[in-house]
Amino acid sequence: MSAINSISIVIPVTERGDQLLNIFDGYYENISTLGLDYEFLIVLTPEFASLADPIKEKYDSENVKVILLNRNYGEAGVLKIGIDHSKFEYILTLPPYEQISPASLPQIINELKDNDAVVVNRWPRVDHKVNRVQSSVFRGILKLMAYEVPKDPGCGIRLSRKEVFNDLKLYGDMHRFFFILAKQLGFKIEEVDIPQSKSDSYRRIYSF
């Protein structure tokens, strides 16, 4: 079992925010039953400002904080804002849509053990073949840049000590390189296989 006693969950909403209200119930339920001190920080870009009031009305709690930005940032910048506002040592980043089942969140937390961070590899994959080809191409490109690359660089679910994020100084789209940069700095990172959610199976096109 993990020795984590408290955790900050940061959800950067820069895309697919229309799914947040549906998935957040699952996130909240599975974190709130773990017996940890916890907080959710939901960081909304202006495009998704309309989500702020529904979240505040449904979750009138000091454990759920909404940060509404006045301009757009890259996802790494939005993540950084959430992390800067967090109060606990351990940070779990989650997307505003379902890449894995929320029921798998306790497994990720338990995998931290003596590691500095845990990143999720969605496996087995159930998404469109085009997505998997793109992911394979992206990994091939990354291998030209680094000695070790993650199995699933497109997954936004990672649990880490705040120190790791602070040392990486992420910006723009650099969140995609979290695993590589942290490894290069000597942090100990574990990859954990979690089944991909069927609702994460639609075809999408990435720009590399």
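**Close-up 1. Contacts of Arg-161 in the predicted model.** Setting aside residues up to four places away in sequence, Arg-161 touches Glu-89, Tyr-90, Asp-116 and Phe-187, where contact means heavy atoms within 4.5 Å. This is a predicted model, in which local features need pLDDT of at least 70 and side-chain atom pairs count only at pLDDT 80 or more, whereas totals for chains, interfaces and linings use all residues. Residues are numbered from 1 along each chain as its sequence is written, and side-chain values use heavy atoms, with hydrogens and water left out.

**Close-up 2. Polar partners of the Arg-161 side chain.** The side chain of Arg-161 is joined to that of Asp-116 by a polar contact of 2.4 Å, and a polar contact of 2.4 Å also links the side chains of Arg-161 and Glu-163. A polar contact is a pair of N or O atoms within 3.5 Å; within protein, one must be able to donate a hydrogen and the other to accept it, and residues adjacent in sequence count only if both atoms are side-chain atoms. Arg-161 counts as buried because its relative accessibility is 16%, buried meaning under 20% relative accessible area (1.4 Å probe, protein chains only).

**Close-up 3. Strand 4 and its pairing.** Arg-161 lies in strand 6 (residues 158–161); strands (E, at least two residues) are DSSP runs numbered from the N terminus. Strand 6 runs antiparallel to strand 4, with 4 bridges between them, and Ile-91 stands opposite Ser-160. Strand 1 (residues 6–13) runs parallel to strand 4 through 3 bridges, and Val-10 stands opposite Thr-93. Two strands pair if DSSP finds at least two bridges between them. Strand 4 (residues 90–93) is covered on both faces, with Tyr-90 and Leu-92 buried on one side and Ile-91 and Thr-93 buried on the other.

Definitions and conventions
Buried < 20%, exposed > 50% of the residue type's maximum accessible area, 1.4 Å probe, protein only.
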